[in-house]
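Please walk through this structure, starting with the ligand site and ending with a helix pair.

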Amino acid sequence: MSDVLTPTGFIGLGLMGQPMSLELREAGYPLTVWNRTPDKLSKATDAGAHPAKSPAAVAAASEIIFLCVTDTEAVEKILFGHHGVTESGPGKIVVDHSTISPIATVEFAARLRDKYDIRFIDAPVTGGVAGAVKGALTVFAGGDPVDIEIARPLISCLADKFLHMGDNGTGQTTKMCNQVMVMNTFVTMAEMLKLAENGGVDATQIPKILADGFANSRVLELFGERMARRDSEITGLLAVAQKDLDLIQALGKETSTALPMCGTATELMRLAVANGLGNSDITQFIKIYD
Ligand code: NA7
């Protein structure tokens, strides 16, 4: 495959997928795109991407196919469902940037390899929309080293760091580790900001004030002040955070790992979703304390 001209596909142009697809276009890759809701394709097509009618059509036009969709069910449908990627023929590499079950990932990769001669890289990301817009994500990848090296020049357009963790599933497991820290920080941050407010301190100032001490984190830097202001701009859905916590719990069960802190975070996040906050930005989690 030629680095520069590798025909590339992108499926799932949501909050994360859209800026990621634009980075590939900017780097000059011929790009074919599909999104379940076609309206979201316009920025990519304005940048020269070709719209396709189905995941199968994206795969037919591409050697490497990127996915960035909500959950395990969506990935399974896009790969194996009607007009899915597997209808397009053998010899492709699928790079999945979605955050999904590591257990299902291993099964999808084996099914793709054994039945369809399609290779699979699990490549979940961290860095959020801000990182995606700058092409500065971190990618945790699981897959065959040969496939990883083929995909590296393309993934490097989206990511400052592209880390090969091991076999299929290890990328997703690493993302779960990342989310253990991120989700517990979000939940604790809401509690802390509420304590500041109730104690008569301007909570919007707290992230700046804590920035030089042990309490600092990227979550505090990027979301603390926004959470204190109840800024509702959508940068990542609370329902997606809930999905990640459920995946962590499932992995804990599978690996017999006790995760009591994540258990509390999961139930608090579920309470927020039950209170109608699922389609709000994750910063709105603080509202369960209001
Ligand atoms: P978004 O902005 O909610 O985007 C989700 C994308 O997934 C969007 O393109 C959706 O299409 C697509 N989607 C969801 N379900 C399906 C099904 N069943 N079939 C096809 N396409 C689907 O989320 P983010 O961009 O923030 O996150 C994406 C992933 O990265 C997620 O795993 C995060 O945890 C990390 P739609 O536009 O709704 O038609």
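The model is predicted, with local features needing pLDDT of at least 70 and side-chain atom pairs counting only at pLDDT 80 or more, while totals for chains, interfaces and linings use all residues. Residues are numbered from 1 along each chain as its sequence is written, and side-chain values use heavy atoms, with hydrogens and water left out.

The ligand is surrounded by 20 residues, where near means a heavy atom within 4 Å. The closest are L15, N35, T37, K40 and K243. By class, the shell divides into nine nonpolar, seven polar and four charged residues (Ala, Val, Leu, Ile, Met, Phe, Trp, Tyr, Cys and Pro are nonpolar; Asp, Glu, Lys and Arg charged; the others, Gly among them, polar). Helices α4 (72–80) and α11 each supply at least two shell residues, and α11 gives the largest share, three residues; helices are DSSP runs of H or I with at least four residues.

Ligand oxygen atoms lie 2.6 Å from a side-chain N or O atom of N35, 2.7 Å from one in the side chain of K40 and 2.8 Å from a backbone N or O atom of M16. On its own the ligand has 790 Å² of accessible area, of which the protein covers 87% (Shrake-Rupley method, 1.4 Å probe).

Helix α11 (residues 238–254) also packs with helix α12 (residues 260–277), at an angle of about 145° and with axes 9 Å apart; axes are fitted to C-alpha atoms over the stretch in contact, and angles run from 0 to 180 degrees between N-to-C directions. The residues of this contact (heavy atoms within 4.5 Å) divide into 11 nonpolar, four polar and two charged. Among them are L245 and I248 in α11 and M269 and V273 in α12.

Technical notes: A polar contact is a pair of N or O atoms within 3.5 Å; within protein, one must be able to donate a hydrogen and the other to accept it, and residues adjacent in sequence count only if both atoms are side-chain atoms.
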